[in-house]
Amino acid sequence: MVHFVGAGSGAADLITVRGAKLLSEADVVIYAGSLVNPELLGYAKEGAQLHDSAKLTLEEVIGLIRAAEAAGKTTVRLHTGDPSVYGAVREQFDALDELGVEYDVCPGVSSFCGAAASLKAEYTVPDVSQTVIISRMEGRTPVPEKEKIRALVAHRSTMVLFLSAGLLEGLQRELLAGGYPPDTPAAIVYKATWPDEKTLRCRLDQLAETAKANGVSKTALILVGEFLGEHGGRSRLYDPAFSTGFREAKP
Ligand code: SAH
């Protein structure tokens, strides 16, 4: 059996209770060493086999899982944040389906949730934005033409950009070209929830220079939108004049 487990965004105690239990029971742990907090490996049991997937190909990862399965062992495949966000898990699911290997998935705290917590921000502020677009700049991994940043900006919603901290000049240019005003509030969150986290707030047109001045070029999220601004509306949910399934409106 294979368990895909979300390690959380950084701090070792942000893994879920279920994830920690699975990790403590696994015979084989394959972890994404580039971003998973090494402290988490302390939850693995004595004698567990530990493999850093940063040094492996997909075929090698699947090979390790096959060997574990043949020996009747349990594997935890530990991914940073939540496995469903830029986790490269689909290709592993497909390979395991083909081999008839059983697996399940335990979610984790994605770094975009960790970053909001660090900033004490809400992505979906009433009357400001009710939509979050998660995307990335095109790098060596191509992005489909219809999803280019410039096109996504048309919504002027909240945007969260992964995997783009090293491409900030281009990102800033695309966000501006798409139509966000230059003074749109933005933030760079480096290593959210890690001990050496940095949160940097700036205007959209200062993103690249702010990252440069603070030495940030990787392991960061770029957040853009008026949700970071000064104005927040009020929800209907907690409005006294509004009835819900749980509460009558007060006159
Ligand atoms: N599955 C992960 C994302 C993996 S892709 C998740 O749910 O968070 C790797 C990218 O995620 C990095 O380039 C960076 O943009 C972002 N990232 C991961 N951990 C981060 C953290 N603690 N703080 C800020 N960004 C992070």
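How many bridges join E6 to strand E7, and which way do the two run? I looked this up in a predicted model. I found five bridges between E6 and E7 (residues 158–162), and the two strands run parallel. For one pair I noted the residues: Ile 134 has Val 160 in E7 as its bridge partner.

Next I followed the rest of the sheet. It is open, has five strands in the order E6-E7-E10-E8-E9, and its pairing is mixed. E6 (132–136) and E9 (198–203) are the edge strands; each has a single partner, so one side of each lacks a neighbour in the sheet.

Helix H4 (residues 111–119) touches E6, E7, E8 (185–190), E9 and E10 (220–224). The direction of H4 makes about 65° with that of E10. Helix H6 (residues 168–178) also packs on the sheet and touches E7, E8 and E10. For H6 I wrote down an angle of about 15° with the direction of E10.

Last, I turned to the ligand. It has 18 residues around it, and those that come nearest are Val 85, Ser 110, Ser 111, Ala 192 and Ala 220.

- A ligand oxygen is 2.8 Å from a side-chain N or O atom of Ser 110.
- A backbone N or O atom of Ala 220 is 2.8 Å from an oxygen atom of the ligand.
- A nitrogen atom of the ligand lies 2.9 Å from a backbone N or O atom of Thr 80.

On its own the ligand has 540 Å² of accessible area, and I noted that the protein covers 94% of this.

Methods
Residues are numbered from 1 along each chain as its sequence is written. This is a predicted model: local features need pLDDT of at least 70, side-chain atom pairs count only at pLDDT 80 or more; totals for chains, interfaces and linings use all residues. Side-chain values use heavy atoms; hydrogens and water are left out. Two strands pair if DSSP finds at least two bridges between them. Helices (H or I, at least four residues) and strands (E, at least two) are DSSP runs, numbered from the N terminus. Contact means heavy atoms within 4.5 Å. Axes are lines fitted to C-alpha atoms, for helices over the stretch in contact, and angles run from 0 to 180 degrees between N-to-C directions. A residue is near a molecule or strand if one of its heavy atoms lies within 4 Å of it. A polar contact is a pair of N or O atoms within 3.5 Å; within protein, one must be able to donate a hydrogen and the other to accept it, and residues adjacent in sequence count only if both atoms are side-chain atoms. Accessible areas come from the Shrake-Rupley method with a 1.4 Å probe; for residues, only the protein chains shown count as cover.
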